[in-house]
Structure formats: structure tokens, C-alpha cells
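Colleague: I'm new to this one. Could you walk me through how to read its features?

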Amino acid sequence: MEEVVATRRGGPEVLELRTRELVRDLRKALVRVTAAGVGSADREMLFGRFYAQPEFPFVSGYDLVGTVVGGALAGKLVAAMPRGGSWATEVQVDPRQLVVLPDGTDPAKAVALITDGVTAWRMVHRVATVRAGQTVLVHGASGGVGRLLVQLARQAGASVVGTASAGRLTEVEALGAVALDYRKPVQLDADVVFDHIGGRHLVDSYRMLKPGGTLVSYGSKADGDASGSPLRPFLVIIARLLGWEARRLTGLGRGRKTRLFNVKFDAAFPADLNAVLRADLDVPVTEYRLDDAKTALADFLDRRVTGKAVLVP
């Protein structure tokens with residue numbers, strides 16, 4: 001089997017394509033990988049900033065789509081979110097964490113919706129419960145999760161405002177949102193704000209909430225390359241959210257709610273993933289060969305990818 005190994009902390013230059021013999025773990029299903037995603041979790045792992053940081057060397061890759069080899073699911077196209085190890089030709093996965101995909105599913109599109117899609121779906125429909133007539137602010141609206149949040153919120157009947165870099169505002173407008181340059185001050189009264197940046201930016205997001213509104217924090221890009229513990233940015237976020245929740249519970253927060261979200265595989269995950277697949281979302285992907293993982297990561301880091309970067313072994 002072949003796999004892309006992160007040999008040490010760093011960018012694309014630390015990646016190596018290696019060949020090794022697969023040692024079967026018969027407790028797990030063997031999946032021949034068809035598509036593997038490249039995302040923000042991979043970036044954080046490679047720079048040693050992931051909250052559950054693996055030790056170097058390791059194989060990155062948060063999610064995958066592939067075909068099961070042998071066993072009861074032999075020949076089935078499945079999705080999985082192993083949170084590591086997907087940048088390979090073959091991966092062994094706990095069979096309880098496999099989602100069988102419908103016939104005719106596009107593997108590249110499906111892998112773009114495993115982590116990002118279920119994250120967006122749950123935040124819109126379960127965490128913030130976006131409703132028709134609301135105003136929703138999506139930061140990073142041209143990104144992998146952001147563009148899905150825009151579309152799902154609009155499908156729910158909300159008016160959406162999305163921030164992005166100046167060069168990608170037209171992409172956000174094409175999704176049906178009002179597009180704003182993130183480098184310019186944003187003045188808005190929003191029912192819901194989705195924030196993936198954290199840091200001081202989270203304070204600005206909270207201030208834009210209407211009474212009774214909801215702020216959902218689902219990441220921390222602001223301190224992504226900082227020194228110190230990778231957990232520190234998240235501890236700061238948690239402290240702020242707890243403070244705001246205390247204000248709400250004591251009647252001082254004007255009913256504004258704050259939530260921290262991190263996607264996980266659970267009993268509802270298969271249904272949520274299939275709901276996202278049926279949602280008819282615009283999901284552009286850029287495909288790269290497994291042996292071109294360095295280019296895929298470089299393009300992702302330099303924001304040259306529209307939608308999702310996908311490795312195709």
C-alpha cells in the first residue's frame with residue numbers, strides 16, 4: 001500500500017509518499033480509498049497545532065470514501081471519518097463507523113460532505129435551528145464549511161450575509177448571499193452568527209447578535225500558528241462562551257446564546273450525511289493524485305482551492 005506521511009512539523013515540504021506492507025487488523029474493515037479530503041484539520045496537524053495532535057511521523061486525512069474489500073460489506077461504497085490516516089490507498093476502519101453510500105454517489109463530492117457537510121448541517125438545523133426570515137452571518141463563506149452553511153441557511157429560508165476575501169466575493173454572491181470583504185468593518189444585526197476564527201474576532205461576532213440570537217463557534221484560525229499549547233485558543237473560546245452564557249442565565253445577555261460545536265461520529269451521523277447528500281448543494285472539488293499531495297496542500301494553504309481539495313489514489 002501507499003500512503004502520504006507527514007515526517008515532521010511543517011508545510012508541503014514535509015510530506016513523503018511511502019510504500020509499506022499492510023498488516024491486517026481483522027477487527028476492522030479494509031477500505032480501498034477512492035477519495036480522501038484535505039482540510040483545516042490536516043493543516044493544524046501538520047503544523048503541530050491540532051487539539052488532538054498525533055505524534056510525528058503520521059498519515060493525515062480526516063475523512064474518506066472508498067470500497068470495502070471482503071466481509072459483509074464487500075464491494076460497497078462507504079464513507080468514513082477516521083480523523084487521520086485517510087491519505088493512503090488502503091485504510092482499516094472500525095466497521096461500526098462506516099456509512100454505506102447510495103448507488104451512483106460521486107466519491108469526490110461525497111468526501112467533501114463528510115466532515116464539512118455534517119458540520120454545516122448540524123449547526124444549521126440542530127445547534128442554531130435557523131428559521132425562515134432570520135438574518136444569518138457566515139464568516140469564511142467561500143471556505144469548505146462556509147459555502148455549505150450559506151446554502152443550507154438559504155434553504156431554511158434565511159437571509160445570509162457572508163464574509164470572504166476580496167477575490168472571492170463573487171463566489172459568495174453566486175451562492176445567494178450578500179458578500180462582504182472580511183478585512184473591512186462589518187456592521188450587522190444578526191439572528192445567527194457562525195464563527196470559525198475565534199480569538200478577538202469572536203467578541204466582534206457576539207456583539208453583532210440581536211437579542212435572542214445565537215453565536216456558534218466551530219474553530220480557531222486566529223491563533224492557528226501561535227506558540228504554546230494547541231489547546232490554548234480553544235480554552236480561550238470556552239472561557240468566553242461560558243462568560244456569555246453566565247450573562248444570559250442571569251438576565252444580562254439579552255437572551256443571546258453561545259454554542260461551541262465539534263462534529264463527531266454518532267448514531268445520527270449516517271442519517272445526517274445522507275440528508276446532506278440529498279440537499280442538492282453546490283460542492284466544487286479540485287482533485288489531485290495521491291502522489292501530488294504536496295501540491296494539494298500547498299494550494300489549500302494558499303487558498304487557491306475553490307470548495308474542497310480531494311486526493312484520489
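**Helix packing**

Modeller: Let's begin with two helices: helix H2 (residues 107–127) and helix H7 (residues 269–277) pack at an angle of about 100°, with their axes 8 Å apart. Helices here are DSSP runs of H or I with at least four residues, strands are E runs of at least two, and both are numbered from the N terminus. One caution: this is a predicted model, where local features need pLDDT of at least 70 and side-chain atom pairs count only at pLDDT 80 or more, while totals for chains, interfaces and linings use all residues. Residues are numbered from 1 along each chain as its sequence is written, and side-chain values use heavy atoms, with hydrogens and water left out.

Colleague: How do I read that angle, and what does it make H2 relative to H7?

Modeller: In general, two packed helices are described by the angle between their axes and the distance between the axes. The axes are lines fitted to C-alpha atoms over the stretch in contact, and angles run from 0 to 180 degrees between N-to-C directions. Under 35 degrees counts as roughly parallel, over 145 as roughly antiparallel, 65 to 115 as roughly perpendicular and the rest as oblique. So H2 is roughly perpendicular to H7.

Colleague: Which residues of H2 and H7 make the contact?

Modeller: Contact means heavy atoms within 4.5 Å. On the H2 side, look for residues including Leu113, Ile114 and Trp121; on the H7 side, Phe269, Leu273 and Val276 are among them. By class, the contact has 10 nonpolar, one polar and three charged residues. Nonpolar covers Ala, Val, Leu, Ile, Met, Phe, Trp, Tyr, Cys and Pro; charged covers Asp, Glu, Lys and Arg; the others, Gly among them, are polar.

Colleague: On to charges, then. How many salt bridges does the structure hold?

Modeller: Side chains of opposite charge can pair when their charged atoms come close. The cut-off for a salt bridge is a side-chain nitrogen of Lys or Arg within 4 Å of a carboxyl oxygen of Asp or Glu. The structure holds 18 of them. In one, Asp116 meets Lys308 at 3.4 Å, N to O. That pair links distant parts of the chain, with Asp116 in helix H2 and Lys308 in strand E16 (residues 308–312), 192 residues apart.

Colleague: Is Lys308 buried or exposed?

Modeller: Buried means under 20% relative accessible area, exposed over 50%, and partly exposed in between (1.4 Å probe, protein chains only). Lys308 is buried, at 7%, and Asp116 counts as buried at 12%. Compare the salt bridge of Arg18 with Glu16, whose closest N and O atoms are 3.1 Å apart: Arg18 is partly exposed at 35%, and so is Glu16 at 37%.
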